[in-house]
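Dear colleague,

I am passing on the structure we spoke about, and I would be grateful if you could look through it with the notes below beside you.

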Amino acid sequence: GRSRSRSRSGGRDRSRDRDRESRGEVTSEVLSLESSEIAYLLGRNGSTKQKIASFTGARLEIDHRDDRGRIEVIGTAEERELARLIVDITLQQKSNTKLVLDFDKLEARKDVVWLDVPRDACGFVLGAKGATLRGIEAKYRAFMFFDTEYRRGDKRRLYILGNNDARKGALRECESAVSYKMSGNGSLRSWREHNMDGPRYTEDYSRRSGRDRHLMLKCGPDVLHARWAPSAITLTGNHRLLLMVSV
């Protein structure tokens, strides 16, 4: 049977690749990895593999009948090189160890931009369990990660990899998020709506954990921001609101 890692669009991808192969644009190469690494790159229902393909334009083929631990990467030279880099970073992130990268070489790439994010805004840009950053990645098809080891004053560098439109869109949205968090200027409407199930914030937009949550309550033309716990609720602004909650 056909490998479950193949997406429904696999036929269209292969047709596109054959057209490019006929023009000498597309070739393939094989990456040899551990079986556990391949399973991680595949992700649930092939999600991680599909994301890497969307970031790079390259196609990753995994044959589950092959027990030698190999992934075939199909694309142009530039697409395959970017795919190798993202695979390397993704697997290093899996082990939660310090990233071993030549950052000077990384920053010299034409498909990379970066943003130095103030420490107080890093968690805001990341979101709960990285949900906000993953949402921006999916929206613009850009691969993004923080250099968590090296600090530049009170800032950490966020790297954004992808094509020109992907880089510009993701960078613009992250700059807006940082501006909103640090000064209250700008707008977060686009990705807050895109990620409604993401992190919750208090009235000063710092993340809360446990059962302490931020509420946005519509009251006529006004939006009330409130912080609630099972025992209390505090509203900002000159409004009174009675809530009856059973817990």
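Leaving aside residues up to four places away in sequence, F145 touches I89, Q93, L99, L101, F103, L106, R157, L158, Y159 and L161. Please keep in mind that this is a predicted model.

As a general background to both, nonpolar side chains in soluble globular proteins tend to be buried together.

Turning to the sheet, three strands form an open arrangement in the order β4-β6-β5, with antiparallel pairing. Its edge strands are β4 (112–118) and β5 (143–152), each of which pairs on one side only, and neighbouring strands are turned against each other by 25° on average, with direction ignored. Between β5 and β6 (residues 155–161), which run antiparallel, there are seven bridges, and R152 stands opposite K155 in β6.

Two helices pack on this sheet, and both are described here by the strands they touch. Helix α4 (residues 77–94) touches β5 and β6, and its direction makes about 60° with that of β5, while helix α7 (residues 131–140) likewise touches β5 and β6, with its direction at about 135° to that of β5.

How do the axes of α2 and α4 cross? The axes of helix α2 (residues 35–42) and α4 come within 11 Å and cross at roughly 105°; because angles of 65 to 115 degrees count as roughly perpendicular, α2 is roughly perpendicular to α4. On the α2 side the contact is made by S36, E37, Y40 and L41, and on the α4 side by V87, T90, L91 and K94. Taken together, the residues of this contact divide into four nonpolar, two polar and two charged.

Key. Residues are numbered from 1 along each chain as its sequence is written. This is a predicted model: local features need pLDDT of at least 70, side-chain atom pairs count only at pLDDT 80 or more; totals for chains, interfaces and linings use all residues. Side-chain values use heavy atoms; hydrogens and water are left out. Two strands pair if DSSP finds at least two bridges between them. Helices (H or I, at least four residues) and strands (E, at least two) are DSSP runs, numbered from the N terminus. Axes are lines fitted to C-alpha atoms, for helices over the stretch in contact, and angles run from 0 to 180 degrees between N-to-C directions. Contact means heavy atoms within 4.5 Å. Angles under 35 degrees count as roughly parallel, over 145 as roughly antiparallel, 65 to 115 as roughly perpendicular and the rest as oblique. Ala, Val, Leu, Ile, Met, Phe, Trp, Tyr, Cys and Pro count as nonpolar, Asp, Glu, Lys and Arg as charged, and the others, Gly among them, as polar.
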